[in-house]
Amino acid sequence: MIRKSVFGILIVLAAGISLAAIKYNPSDTEQWEPVPKVISALHDMPPSDALVLFDGSSLDAWTGRDGASPGWTIEDGALVVNPGTGDLLSRAEFCDIQLHLEWMVPTPAPDTSGQSRSNSGVFLQDRYEVQVLDSYDNETYVNGQAGAIYKQTPPLVNAMRPPNQWQSYDIIFTAPRFHGESLETPGHITVLHNGVLIQNHTELLGKTVFIGQPSYEAHGCAPIRLQDHRNRVFYRNIWVREL
Ligand code: MG
């Protein structure tokens, strides 16, 4: 009796498998179009479809607040915060992007600690700050250390290199969506610091604020902003890909 039912099950299974083989073909699930655009992505070079915002030679892609000429300087191919001259904004406005930039903090002055040690920042859409800070052996509130979504979300790990070494940020930013004045979908940020994932599709709670709770205000595409927090911080190799 048991033998018979096992035999029956085998027949049913075999029939099912052969039926599946008739019904489906590996090519049914192959997609051939649209063909992804071919780009070149050479070692240590911006991808060929990237918009280069700073390559060490000029500040043409940048402006000061309200169209003022940028007050930062170029030293040995690096863009340097000139303390007190104000933030730098990209002339172009962006929505969803992949952003690459490299930054370096100098040897800390003896009397500096916490938030006063090489503070700067990368603001997406002029509003949402990924913190830049010397977080190498420098205690501060964790949602204010390097790689934090400032005053919102600490980085998953501290991947900071010592001062005087270049660091990299690779940022994937999905802009918030608005319907009229109301929020439809919050923004999200993914960040790799020196190749290490430190923000994993982190939801933005609203515009970065120093005091109080973040909230959203409706806006469209907007510039990338680099912060002058009155500390000398170096940037280089800044490029962006619109997504
Ligand atoms: Mg900052």
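In the predicted model, the magnesium ion is coordinated at 2.2 to 2.4 Å by Asn119 (OD1), Ser120 (O), Glu129 (OE), Gln131 (OE1) and Gln227 (OE1). Donors are N, O and S atoms within 2.8 Å of the metal (3.2 Å for Na, K and Ca), and sites may look incomplete because water is not among the atoms. Along the sequence, the donor residues of the magnesium ion follow the spacing N-S-x8-E-x1-Q-x95-Q. Asparagine 119 has 2% relative accessibility and therefore counts as buried; serine 120, at 0%, is likewise classed as buried. Here buried denotes under 20% relative accessible area, exposed over 50%, and partly exposed the range in between (1.4 Å probe, protein chains only).

Residues are numbered from 1 along each chain as its sequence is written, and side-chain values use heavy atoms, with hydrogens and water left out. As the model is predicted, local features need pLDDT of at least 70 and side-chain atom pairs count only at pLDDT 80 or more, whereas totals for chains, interfaces and linings use all residues.

Backbone geometry was also examined. Serine 118, which is not a glycine, adopts a positive phi of about 55°. This serine 118 is located in the loop between strand 6 (97-104) and strand 7 (120-124), and its relative accessible area of 8% makes it buried. Helices (H or I, at least four residues) and strands (E, at least two) are DSSP runs, numbered from the N terminus. A positive phi of about 45° is also found at asparagine 237, again not a glycine. Asparagine 237 belongs to strand 15 (residues 234-242) and, at 34% relative accessibility, is partly exposed. Glutamate 33 and proline 34 are joined by a cis peptide bond with omega of about -5°; proline 34 lies in the loop between helix 1 (2-23) and strand 1 (51-54).
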